[in-house]
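Visitor: I'm new to this one. Can you walk me through it?

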2 protein chains.
Amino acid sequence: MSSEQDEDRADALFHALADRTRRDILRRVLAGEHSVSTLAERYPMSFAAVQKHVAVLERAGLVTKRRVGREALASGDVEAVRSVGTLLDELEHVWRGRVARIDDLLLGMPEDPQHDTTPTRKET
Amino acid sequence: MSSEQDEDRADALFHALADRTRRDILRRVLAGEHSVSTLAERYPMSFAAVQKHVAVLERAGLVTKRRVGREALASGDVEAVRSVGTLLDELEHVWRGRVARIDDLLLGMPEDPQHDTTPTRKET
DNA sequence: ACAATCTACAACCAATTGGTTGTAGATTGT
DNA sequence: ACAATCTACAACCAATTGGTTGTAGATTGT
């Protein structure tokens with residue numbers, strides 16, 4: 001199912017999002033490219049602290065950086081944000097599975113492929 | 001916009017999800033009620049450690065507990081999971097706003113209420 | 001040419017976190 | 001009645017985290 005790497009990635013993504021300064025930075029860079037210095041101006045902390053926050057977002061894949069001269073321009077990666085949504089959808093899917101199982105119990109259904117928890121794949 | 005409390009809540013939610021053991025516990029309790037002891041059997045760590053993880057999930061609102069005799073039965077709250085999805089949707093909305101703004105720039109549109117970033121509210 | 005700007009990173013520090021063992025209280029089963 | 005079970009929480013510890021200041025290298029503007 002979920003490999004070690006997937007879990008590492010999920011850890012990094014949720015951890016990156018678990019800080020309000022980083023979420024705010026992410027909002028700004030999703031709205032448009034900003035240099036690290038420009039971002040740093042907005043927060044009551046040192047440039048180095050903001051640079052670290054951007055680095056955490058970058059390591060998680062939520063932000064990409066592009067060098068232009070001496071500046072590092074950061075952009076938010078909306079696909080990475082969506083991939084977090086997918087992780088949540090998987091959790092919701094587990095919950096839906098529970099409801100199906102309760103139904104099966106109540107209705108005494110022996111089995112039903114439609115209620116399968118694992119994503120259907122034609123070839124295995 | 002986002003109040004201090006909202007940010008506290010987002011911190012708690014993302015932090016709770018930023019640990020693979022807690023995500024695994026959440027999956028189990030979304031699939032069905034489990035006592036803390038039953039959960040603890042599944043992990044290579046002490047009962048106390050698992051009890052703490054459940055407490056973190058509970059404080060974030062992702063899990064609720066119900067006392068039955070000497071047992072504490074934990075359930076996952078799918079609504080809380082969905083509320084995290086909403087937070088991500090808000091980030092995606094910021095990104096969509098950027099695209100609209102680029103369009104406006106290219107097309108030289110002076111203003112367009114359809115592209116407003118703030119959720120529309122009839123009365124203000 | 002060179003001062004100013006921007007970035008990355010090292011070294012450091014206090015607070016938080018994820019784990020441990022131990023204890024005590026409530027409930028249960030025989 | 002009482003041993004066993006379940007839970008909550010305290011006290012503790014090492015590792016991580018979010019911040020700091022300082023330094024050095026690359027780029028830019030005058």
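Guide: Let's start with a rule: two strands pair if DSSP finds at least two bridges between them. Helices (H or I, at least four residues) and strands (E, at least two) are DSSP runs, numbered from the N terminus.

Visitor: And what am I looking at, and how do the numbers and letters work?

Guide: This is a predicted model, where local features need pLDDT of at least 70, side-chain atom pairs count only at pLDDT 80 or more, and totals for chains, interfaces and linings use all residues. Residues are numbered from 1 along each chain as its sequence is written, while chains are lettered from A and ligands numbered from 1 in the order in which they are written.

Visitor: OK, the sheet in chain A. What order do the strands have?

Guide: The order is β1-β3-β2 in chain A. The sheet is open, has three strands and pairs antiparallel.

Visitor: Which are the edge strands?

Guide: β1 (34-35) and β2 (63-68) of chain A, each pairing on one side only.

Visitor: How many bridges join β1(A) to β3 of chain A?

Guide: Two bridges join β1(A) to β3 (residues 71-76) of chain A, and these strands run antiparallel. As for partners, Ser35(A) has Leu73(A) in β3(A) as its bridge partner.

Visitor: What does α2(A) touch when it packs on the sheet?

Guide: α2(A) touches β1, β2 and β3 of chain A. Its direction makes about 95° with that of β3(A). α4(A) packs on the sheet too, touching β2 and β3 of chain A, and its direction makes about 115° with that of β2(A). Two rules apply here. Residues are in contact if their C-beta atoms, placed from the backbone, lie within 7 Å. Axes are lines fitted to C-alpha atoms, for helices over the stretch in contact, and angles run from 0 to 180 degrees between N-to-C directions.

Visitor: At roughly what angle do the axes of α2 and α4 of chain A cross?

Guide: Roughly 75°, and the axes of α2 (residues 20-31) and α4 (residues 47-60) of chain A come within 10 Å. α2(A) and α4(A) are therefore roughly perpendicular to each other. The cut-offs: under 35 degrees is roughly parallel, over 145 roughly antiparallel, 65 to 115 roughly perpendicular, and the rest oblique.

Visitor: Which residues in α2(A) and α4(A) meet?

Guide: Thr21(A), Arg22(A), Ile25(A) and Leu26(A) from α2(A) meet His53(A), Val54(A), Val56(A) and Leu57(A) from α4(A). By class, the residues of this contact are five nonpolar, two polar and one charged. Ala, Val, Leu, Ile, Met, Phe, Trp, Tyr, Cys and Pro count as nonpolar, Asp, Glu, Lys and Arg as charged, and the others, Gly among them, as polar.

Visitor: New topic. What rotation superposes chain B on chain A?

Guide: A rotation of 180°, with 0.0 Å of shift along its axis and an RMSD of 0.0 Å. The two copies are thus related as by a two-fold rotation axis. In chain B, Phe14(B) has the C-alpha nearest the axis, 2.7 Å from it.

Visitor: How many residues of chain B are in contact with chain A?

Guide: 27 residues of chain B contact 27 residues of chain A. α1 (4-17), α2 (20-31) and α5 (78-107) of chain B each give two or more residues to that side of chain B. α5(B) has the largest share, twelve residues. That side of chain B divides into 14 nonpolar, five polar and eight charged residues.

Visitor: And the DNA. Which residues come nearest DNA strand D?

Guide: Ser46(A), Ala48(A), Ala49(A), Gly69(A) and Ser37(B), out of 22 around DNA strand D. A residue counts as near if its C-beta atom, placed from the backbone, lies within 6 Å of the molecule or strand. α4(A) gives the most to this surface, with five residues. The classes are eight nonpolar, eight polar and six charged.

Visitor: Which come nearest DNA strand C?

Guide: Ser37(A), Ser46(B), Ala48(B), Ala49(B) and Gly69(B), out of 22 around DNA strand C. Here α4(B) gives the most, with five residues. The surface near DNA strand C has eight nonpolar, eight polar and six charged residues.

How values were computed:
Two residues are in contact if their C-beta atoms, placed from the backbone, lie within 7 Å. Copies are superposed by least squares on the C-alpha atoms of residues with pLDDT of at least 70 in both.
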